[in-house]
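Q: Hi! Could you walk me through this structure? I have a few quick questions.

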Amino acid sequence: MMTNKKEILETIDRIYKQRRYNAELSKERKMSELYTKSKEFADICDKIKLAGLKLSKASLMQNKEQIAKYSKILDTLISKRTKLLIEMGYPSDYLEPDYLCKTCQDTGFVVLEDRVEVCKCRTQLFIELLYEQSKLKEILKDHNFSKFNLDYYSKEVDLKEGLSPYKNMVKIIEKVKEFVENFDKPNQKNLLFYGPTGLGKTFLAHCIAKEVIDKGKTVIFLDSISFFEILKDKYSKMLRLYEEVSDEEYKSLEEVDLLIIDDLGNEGKNAEFCHGVFQSLLDKRFLSGKKMIITTNYSLDGLVTVYSQFIMGRLQEYFMFLHLFGEDVRVIKAKLHLEKKTSET
């Protein structure tokens with residue numbers, strides 16, 4: 001894995017604890033302010049506290065008559081306090097804690113009738129911390145369009161492809177920039193770069209990541225091994241019929257604006273059992289309009305031997321396939337470096 005999951009989760013828990021503390025502290029300050037301003041308000045609040053204590057005692061004793069009695073008293077007192085607040089010029093919800101997220105009340109989780117779900121705000125925080133603690137931030141300082149050099153691609157026509165690697169890359173960059181420009185449009189297809197190693201597939205993915213982050217979007221960049229480790233974990237939980245509410249990793253794959261999977265196919269045959277989870281994720285991201293980038297060293301025929309016809313069908317439907325060919329850029333760079341060194345001696 002590209003970062004320390006445990007460290008991220010501990011950081012998230014600290015952040016939510018601080019948020020709840022700040023919200024409650026803000027409420028206490030407001031209460032203190034109103035206690036000083038109005039004796040009537042202070043008296044009502046004291047009665048609310050007393051009624052609350054009696055209701056708690058009745059609940060512990062399972063005294064239905066007392067529970068009904070003090071519930072009614074409490075509701076009446078709270079209504080009186082709300083009315084008084086409005087008369088004093090405050091909004092009716094003035095005493096509500098100032099939670100940053102009203103949905104989960106800064107807990108990070110939403111309690112539904114039949115389950116507990118990770119709140120979107122917690123998933124978003126996980127994605128942001130994942131990016132901050134990954135190496136991607138440093139990588140993008142050098143891997144961006146300003147550093148992309150077309151000179152490494154031959155202008156000699158490849159007879160098999162019918163055009164030169166240079167012209168092919170020019171066309172690919174046009175498609176890439178179109179992808180970035182239309183990132184928020186639902187009809188913009190995802191991109192899948194395929195071809196031999198050393199032709200700039202990962203570099204292009206990094207370039208896109210930089211552009212998308214600059215647009216204020218979130219990005220997760222995973223090699224295929226790390227990606228499928230998350231899918232395996234999800235598959236295992238599904239088999240055990242176990243829903244772990246703190247499953248931020250898989251949830252982040254669903255929610256992040258741009259998911260990049262590098263070197264698809266490198267995860268090997270031992271990941272075949274969770275291809276169904278992969279297919280499900282592809283469908284969910286497509287239906288929600290979330291974008292993806294995939295790079296692979298496999299040819300299209302090679303991909304067919306690794307993935308089922310169902311996954312290949314999804315890839316063909318959801319992605320634009322862009323083929324890179326030519327001489328390994330790293331080999332060309334090494335040659336040029338050697339030539340330069342030779343000429344200097």
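Q: Let's start with a lysine: which helix does K232 lie in?
A: K232 is part of helix α8, which covers residues 224-239. One thing to keep in mind throughout is that this is a predicted model.

Q: Thanks. Is K232 buried or exposed?
A: Buried: its relative accessible area is 18%, and the cut-off for buried is under 20%.

Q: What does K232 touch, leaving out residues up to four places away in sequence?
A: The contacts of K232 are N270, A271, F273 and C274.

Q: Switching to strands, what's the order in the open sheet of five?
A: The order is β4-β5-β6-β3-β7, with parallel pairing.

Q: And which strands stand at the edges?
A: Those are β4 (219-223) and β7 (319-323). Each has a single partner strand, so one side of each has no neighbour in the sheet.

Q: How much are neighbouring strands turned against each other?
A: By 15 degrees on average, ignoring direction.

Q: How many bridges are there between β4 and β5?
A: Five, in the parallel sense, with β5 made up of residues 258-262. As one example, F221 has I260 in β5 as its bridge partner.

Q: Which strands does helix α12 lie across?
A: Helix α12 (residues 309-318) lies across β3 (190-194), β6 (291-296) and β7. Relative to β7, helix α12 runs at about 85 degrees.

Q: While we're on that helix, is M312 buried or exposed?
A: M312 lies in helix α12 and counts as buried, at 5% relative accessibility.

Q: What is M312 in contact with, apart from neighbours within four places in sequence?
A: M312 meets L300, L303, V304 and Y307. For L300, which is 12 residues away along the chain, the C-alpha atoms are separated by 9.3 Å.

Q: New topic: how many aromatic pairs are there in the whole structure?
A: The search finds 12. One of them is F286 with Y318, whose ring centres are 4.0 Å apart and whose planes are at 15 degrees, so the pair is stacked.

Q: What parts does that pair tie together?
A: F286 sits in helix α10 (residues 275-287) and Y318 in helix α12, so the pair ties together parts that are 32 residues apart in sequence.

Q: Are those two residues buried or exposed?
A: F286 is partly exposed, with a relative accessible area of 37%. Y318 is buried, at 7%.

Q: Which residues do ring pairs link into a cluster?
A: F227, F228, F278 and Y307.

Q: And which ring does the charged end of K177 sit over?
A: That would be the ring of F145, with the charged end of K177 5.3 Å from its centre. There is also K291, whose charged end sits over the ring of F183, 5.8 Å from its centre.

Q: Let's hop to the helices α1 and α2. At what angle do they pack?
A: Helix α1 (residues 5-37) and helix α2 (residues 39-61) pack at about 125 degrees, with their axes 5 Å apart. That angle makes α1 oblique to α2.

Q: Which residues meet there?
A: From α1, M31, L34, Y35 and K37 meet K39, F41, A42, C45, D46 and K49 in α2.

Q: Last one: how many residues of α9 are buried?
A: Seven of its eight, so helix α9 (residues 248-255) is mostly covered. The buried residues are E248, E249, Y250, S252, L253, E254 and E255.

Terms used
Residues numbered from 1 in each chain as written. Predicted model: local features only at pLDDT ≥ 70, side-chain atom pairs only at ≥ 80, totals over all residues. Heavy atoms only, no water. Helix = DSSP H or I, 4+ residues; strand = E, 2+ residues; numbered from the N terminus. Buried < 20%, exposed > 50% of the residue type's maximum accessible area, 1.4 Å probe, protein only. Contact = heavy atoms within 4.5 Å. Pairing = 2+ DSSP bridges. Axes fitted to C-alpha atoms, helices over the stretch in contact; angles between N-to-C directions. Phe/Tyr/Trp six-rings, centres within 6.5 Å; stacked < 30°, edge-to-face > 60°. Lys NZ or Arg CZ within 6 Å of the ring centre and 35° of its normal. Parallel < 35°, antiparallel > 145°, perpendicular 65-115°, else oblique.
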